[in-house]
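Visitor: Hi! Could you walk me through a few local details here?
Guide: Happy to. Let's bring it up first.

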Amino acid sequence: MPNKDLTPRDQRIDDALDTSGVRHRATLKQEWPLLLLLVFVWAAMWQDFSAGNLLFGALIALFLVTLFPLPPVVLSGRINIWYCLLLFLWFLGQVVAASIHVAWLAITRGKSTHSAVIAVPLRTDSDLIVMTVGHVLTLIPGSFVLDVDRSSSTLYLHYIDIENQQQVQKARENIRQIERRLIMAIGSHDEYEAIKSECVPLRKGRKAAK
């Protein structure tokens, strides 16, 4: 994978400006994955996937990206429909299992349930993958993303039912499993080959850059 420049910088400002210092905006062709994701999040929040609610969500998504323009999201140029289907089915199973787990904790432990804020450095450099991992985690009951360090692809999140360091490590592995599934579905060819073999560190280029 190509080396990444780790020089400290304000990436949001750099990515939003072209070489002349003029702010550029993503085109609708570049933003359609973001729009679809926003519509899905809207429908999931209201638990209503009716045509009317999806249309209203699309209007809100268009309003948001117009009012708060973001730098273009760079796509990997690769998508695997089979892995996308597996990811979707896995996600539905996780939502059901996590809902049952959170309900059980509420009944059996109540306020005595422990939680923690943990940092999870991901292996990918892709903004799209990092963002999608965060959204998937937020939609699964029991976890919520608090902050993202874009320069190091590190997620900071609140995680429920954490009692010891072993459970922290298990939570990190679960989150990296989400990252792995997303890379298999929509990651770049280099990331796909690296994660498939599980023997080539995705962040090798970063270490070499240091």
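Visitor: Is Ser 153 buried or exposed?
Guide: In this predicted model, Ser 153 counts as buried, because its relative accessibility is 2% and the cut-off for buried is under 20%.

Visitor: And where does Ser 153 lie?
Guide: Ser 153 sits in the loop between β2 (143-149) and β3 (154-160). Its phi is positive, about 55°, although Ser 153 is not a glycine.

Visitor: OK, Asp 161 next. What's its phi?
Guide: Asp 161 has a phi near 65°, a positive value in a residue other than glycine. You'll find Asp 161 in the loop between β3 and α6 (165-186).

Visitor: Buried or exposed, that Asp 161?
Guide: Asp 161 is buried: its relative accessible area is 14%, and buried means under 20%.

Visitor: Nice. Which residues in α4 are buried?
Guide: In α4 the buried ones are Leu 87, Trp 90, Phe 91, Ala 98 and Leu 105.

Visitor: What does the side chain of Asn 80 reach at the start of α4?
Guide: A side-chain oxygen of Asn 80 comes to within 3.0 Å of the backbone nitrogen of Trp 82.

Visitor: And what follows α4?
Guide: Gly 110 follows α4, with a positive phi near 60°.

Technical notes:
Residues numbered from 1 in each chain as written. Predicted model: local features only at pLDDT ≥ 70, side-chain atom pairs only at ≥ 80, totals over all residues. Heavy atoms only, no water. Helix = DSSP H or I, 4+ residues; strand = E, 2+ residues; numbered from the N terminus. Buried < 20%, exposed > 50% of the residue type's maximum accessible area, 1.4 Å probe, protein only. Polar contact = N/O pair within 3.5 Å; in protein donor to acceptor, adjacent residues only side chain to side chain.
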